[in-house]
Amino acid sequence: MILSAVLGFWLAYAPIYFSEDPPEKPTNIILVICDGMGLSQIALAEYLTRPPSSLAQMEVVGLQKTHSANNLETDSAASGTAMSCGVKTFNAGLGVDADSQAVASIMDLASEKGMKTGFVVTSSVVHATPAAFYAHVYSRAAYEAIAAQLVESGIDVFAGGGERYFVDRYADDTNLLQVLEDRNYVVLTSDRTVGNNLKNIDPEHKIALFTAYEDPERASMGRKYFPDVAIQAIEALEKRADKGYFLMIEASQIDWAAHANSPEWLALEMQDAYDMLDKVLEKVREDENTLLIVTADHECGYMSLTGKRSPRVKFHTKVHSSQMVPVFATGPGAEEFLGIYENTAIFDKMKKLLGL
Ligand SMILES: [Zn+2]
């Protein structure tokens, strides 16, 4: 009798008092996309960084295949859509499947479930990779239509360039910054100091931070905001979320530097991405509930490294390649990202882990 009472107590309370296992499923996901970053771009940064880098500290590594529905060499729209919506589409398609039908994104699903959503980029906010998470259009070049869809999306916190698509429009005279304010956003425009502290903004408000009127400048030209704003976005989402958050962070210009075949620009964009990752990983380690995934959407430049003592960058094209790209993960559910899989599986795994 006493034994069964003790056993009953044990069975009822043991999981609470004696479980030291970390949670198996994340409450929050931070997906970092380093646009155009293949293994050679990572190798360059690893040779230039004192080990172990943040990437080297992430326990899980997998590989994803990046081809689109109609091309082994994907563009950022199709590969972004694969990761955000779980479908292969044609190059240039955003948030639509290969038949041009709109498909719900992980951000759409997360916000339907009451999670908070956000993104921070070093491109314009209407560029292909961020737009894959909220827009549904046939062509990535429809920047003004994409800006209008961002306003409609209800994303809680976003930061990047491209303010002009909201205020200086060919299609209409609408001031979309005003519409954002009408929809409870605090809008921080690019004529104010970049790196505005988001901390002091009342959590009742959403946040739109424009870091540039056009595209943000290159890291090599003095762009500084990325690591700080990434952390501020995480903290702003933490403050606003009671059912978790999904944040996408894109190091956008690694790709642009590779298209330009510029080793110096590329090295500084990789350094900026690594500085951001150092801060984000440190932040993620503070809690047990956040899954951090770091990957790329494709490689760019068919890049390789040569040299005997120090690495020299050699580009073989000015376009994207069909190489697989690595996926690094740490936190609850990270082991899901082991192995070799399609880029669409990133969406499937995140959706499963968040129970969406
Ligand atoms: Zn590109």
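Predicted model: local features only at pLDDT ≥ 70, side-chain atom pairs only at ≥ 80, totals over all residues.
Trainee: What percentage of the residues count as buried?
Mentor: 50% of the 356. Also, if you take contacts between residues at least 6 apart in sequence, 70% of them join residues at least 24 apart.

Trainee: Let's do the sheet. What's the strand order?
Mentor: Ten strands make an open sheet, running S5-S6-S4-S3-S7-S1-S8-S11-S2-S12, with mixed pairing. S5 (185-188) and S12 sit at the edges, each pairing on one side only. From one strand to the next, the twist averages 15 degrees.

Trainee: Mixed how? Which way do S3 and S7 run relative to each other, parallel or antiparallel?
Mentor: Parallel: S3 (residues 116-124) and S7 (residues 245-251) are joined by six bridges.

Trainee: I keep landing on Val-325. Where is it found?
Mentor: Val-325 is in S11, which covers residues 325-330. Val-325 counts as buried because it has 25 C-beta neighbours inside 10 Å, and the cut-off is 20 or more.

Trainee: What is Val-325 in contact with, besides its sequence neighbours?
Mentor: Leaving aside anything within four places in sequence, Val-325 contacts Met-37, Gly-38, Gln-64, Thr-66, Thr-295, Ala-296, His-298 and Glu-299. There's also Asp-297, 28 residues away along the chain, with its C-alpha 7.5 Å from that of Val-325.

Trainee: Switching to helices. Which strands does H9 lie across?
Mentor: H9 (residues 226-240) lies across S3, S4 (157-161), S6 (206-210) and S7, and it runs at about 165 degrees to S3.

Trainee: What does Ala-233 touch?
Mentor: Not counting residues up to four places away, Ala-233 touches Gly-118, Val-120, Val-157, Ala-159, Leu-198 and Leu-247. In the largest nonpolar core, which has 106 residues, Ala-233 is among those touching the most other members, along with Val-32, Leu-247 and Ile-293. The largest share of that core, ten residues, comes from H11 (residues 263-284).

Trainee: What about H12, enclosed or open?
Mentor: Eight of the eleven residues in H12 (residues 344-354) are buried, so the helix is largely enclosed by the rest of the structure. The buried ones are Thr-344, Ala-345, Ile-346, Phe-347, Lys-349, Met-350, Leu-353 and Leu-354.

Trainee: And what do those buried residues pack against?
Mentor: Strands S1 (28-34), S2 (60-65), S8 (290-295) and S12 (339-342), plus helices H3 (76-85) and H4 (106-112). Just after H12, Gly-355 takes a positive phi of about 65 degrees.

Trainee: Which residues other than glycine have a positive phi?
Mentor: Ala-92 is one of them, with phi near 95 degrees. Ala-92 sits in the loop between H3 and H4 and is partly exposed, with 19 other C-beta atoms within 10 Å. Asn-261 also has a positive phi, about 50 degrees. Asn-261 lies in the loop between H10 (253-259) and H11, and it's partly exposed too, with 17 other C-beta atoms within 10 Å.

Trainee: Last one: the peptide bond from Pro-51 to Pro-52, cis or trans?
Mentor: Cis, with omega near -5 degrees. Pro-52 is in the loop between H2 (39-48) and S2.

Terms used:
Residues numbered from 1 in each chain as written. Helix = DSSP H or I, 4+ residues; strand = E, 2+ residues; numbered from the N terminus. Buried ≥ 20, exposed ≤ 12 C-beta atoms within 10 Å, placed from the backbone. Contact = placed C-beta atoms within 7 Å. Pairing = 2+ DSSP bridges. Axes fitted to C-alpha atoms, helices over the stretch in contact; angles between N-to-C directions. Core = buried A, V, L, I, M, F, W, Y, C linked by C-beta atoms within 7 Å.
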